[in-house]
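Hi there,

Here is the structure I promised to pass on to you. Have a look at it first, and then read on for what turned up.

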Amino acid sequence: EVRKAVVRCPMIFNVDLETISKPVALWLKDLGMDGAQVKKSIVTFPSLIMYTLEGNLQPTVKWLKELGMDGSQVAKTITTFPALMGYSLEKNLTPKLGTLRTHMSDKQIVG
């Protein structure tokens, strides 16, 4: 699994993993993710541990919750598609949500 992470994100060697990855992993657990979900998310998308809590992760989770997701849905979303956490709210997620809303209700979008 480490090999997969390095192949997917060789830049991982440019960061202080002890300083950066621990807060992210702990924060993900605080969201309600179990150890297996955190591990799967990071192995699938190693760049996740290089995002800042304040700049990337917290605003995206707040946006997902404002959409109507509960904690378990947010955890499942991050586990299933961790790259979502790196998408720009202003340039990507919010405009796409607007397009979805023209065709569906919020209940249909969140499920």
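This is a predicted model: local features need pLDDT of at least 70, side-chain atom pairs count only at pLDDT 80 or more; totals for chains, interfaces and linings use all residues.

Let me start with a pair of helices. The axes of helix 3 and helix 5 come within 8 Å of each other, and they cross at roughly 35°.

Which residues meet where helix 3 and helix 5 touch? From helix 3 come Gln37, Lys40 and Ser41, and from helix 5 come Ala75, Ile78 and Thr79.

Is Ile78 buried or exposed? With a relative accessible area of 1%, Ile78 is under the 20% cut-off, so Ile78 counts as buried. Leaving out residues up to four places away in sequence, Ile78 touches Leu28, Leu31, Met33, Ser41, Val61 and Met85. You can also see the chain folding back here: Ile78 and Lys40 are 38 residues apart along the chain, while their C-alpha atoms are separated by 9.6 Å.

Now zoom out to the whole chain. How many helices and strands does the protein chain have? The count is 7 helices and 0 strands, and from the N terminus on the order reads α-α-α-α-α-α-α. The chain has 111 residues, and 36% of them are buried. Taking contacts between residues at least 6 apart in sequence, 71% join residues at least 24 apart.

Next, the inside. The largest nonpolar core has 27 residues, and the members that touch the most other members are Trp27, Leu28, Leu48, Leu57, Val61 and Ile78. At least two residues of this core come from each of helix 2 (17-30), helix 3 (35-44), helix 4 (53-66), helix 5 (71-80) and helix 6 (89-103). Which helix gives the largest share of this core? That is helix 4, with 5 residues. Val61 is worth a look as well: beyond residues up to four places away in sequence, Val61 touches Trp27, Leu31, Val74, Ile78 and Met85.

Thr60 sits in helix 4, and its relative accessibility of 2% is under 20%, so Thr60 counts as buried. Not counting residues up to four places away in sequence, Thr60 touches Leu84, Met85, Leu89 and Leu93. Thr77 is in helix 5, and Thr77 is buried with a relative accessible area of 18%. Setting aside its neighbours within four places in sequence, Thr77 is in contact with Met69, Pro82 and Leu84.

Then there are the aromatic rings. How many aromatic pairs does a search of the whole structure find? The search finds 2. Phe45 and Tyr51 form a tilted pair, at 6.1 Å centre to centre with 40° between the planes. Phe81 and Tyr87 have ring centres 5.8 Å apart and planes at 85°, so this pair is edge-to-face. Why edge-to-face? An angle over 60 degrees counts as edge-to-face, and the planes here are at 85°. Both partners are partly exposed: Phe81 has a relative accessibility of 38%, and Tyr87 has a relative accessible area of 32%.

Lys4 is found in helix 1 (residues 2-8) and is partly exposed, at 42% relative accessible area. Lys4 and Thr44 are 40 residues apart in sequence and 8.1 Å apart in space, C-alpha to C-alpha. Thr52 lies in the loop between helix 3 and helix 4, and is partly exposed with a relative accessible area of 41%. The C-alpha atoms of Thr52 and Pro23 are separated by 9.3 Å, with the two residues 29 apart along the chain.

Enjoy exploring, and write back with any questions.

Best wishes

Key:
Residues are numbered from 1 along each chain as its sequence is written. Side-chain values use heavy atoms; hydrogens and water are left out. Helices (H or I, at least four residues) and strands (E, at least two) are DSSP runs, numbered from the N terminus. Buried means under 20% relative accessible area, exposed over 50%, partly exposed in between (1.4 Å probe, protein chains only). Contact means heavy atoms within 4.5 Å. A nonpolar core is a set of buried Ala, Val, Leu, Ile, Met, Phe, Trp, Tyr and Cys residues joined through side-chain atoms within 4.5 Å. Rings of Phe, Tyr and Trp (its six-membered ring) pair if their centres lie within 6.5 Å; planes under 30 degrees apart count as stacked, over 60 as edge-to-face and the rest as tilted. Axes are lines fitted to C-alpha atoms, for helices over the stretch in contact, and angles run from 0 to 180 degrees between N-to-C directions.
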